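Take a look at the structure below.

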Amino acid sequence: MKKLAGSIIVLLVLSIQLQAQKSEIFAKDSVAVRGYDVVAYFTQSAPVKGNSEFVYGWKGAKWYFANRENQEAFKASPEKYAPQYGGYCAYGTAGGYKAPTDPDAWTVSDGKLYLNYNKKVMDNWRKDQANFIDKANKN
């Protein structure tokens, strides 16, 4: 319980800092998912750093890919591969606020990619994932 409360406090502090961020996609320096290849989460079941040689602009952000095949798959169906909630923390979105994410704190569930602030938050989110997804979808 203390861990959960600590995670909530961290996310609340971050949410105050991020209130000014209004972009639909979480993009640090205009790069979505910190430069990781979102298609790889589905095809390789792992976070894979993208390559600036394979970049695609979508929803005001640059999306990087490990190879041309992944880039083309995303171009053909970006909604299929893009993380839920614009790449903001799924746990934070369930609480009604936007928080940044760590590409290593991820889950693919029911064909959708969810990112979290860090692995500790991800572990808490996974404990009641269905409920958090339901709450986030309502926000």
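Start at Lys59, which counts as partly exposed because its relative accessibility is 38%. The cut-offs are these: buried is under 20% relative accessible area, exposed is over 50%, and partly exposed is in between (1.4 Å probe, protein chains only).

This is a predicted model, where local features need pLDDT of at least 70 and side-chain atom pairs count only at pLDDT 80 or more, while totals for chains, interfaces and linings use all residues. Residues are numbered from 1 along each chain as its sequence is written, and side-chain values use heavy atoms, with hydrogens and water left out.

Glu79 forms a salt bridge with Lys59, with 3.5 Å between the closest N and O atoms. The pair links distant parts of the chain, 20 residues apart: Glu79 is in helix α4 (residues 78–81), Lys59 in the loop between β3 and β4. A salt bridge here means a side-chain nitrogen of Lys or Arg within 4 Å of a carboxyl oxygen of Asp or Glu. Helices (H or I, at least four residues) and strands (E, at least two) are DSSP runs, numbered from the N terminus. Glu79 is exposed, at 55%.

Lys59 also meets Glu24 in a salt bridge, at 2.7 Å, N to O. Glu24 lies in the loop between α1 (2–18) and β1 (27–28), and Lys59 in the loop between β3 (51–58) and β4 (61–65), so this pair ties together parts 35 residues apart in sequence.

Now turn to helix α7 (residues 129–138). Lys138 and Asp134 both lie there, 4 residues apart, about one turn of the helix. Salt bridges that share partners join Glu24, Lys59 and Glu79 into one network.
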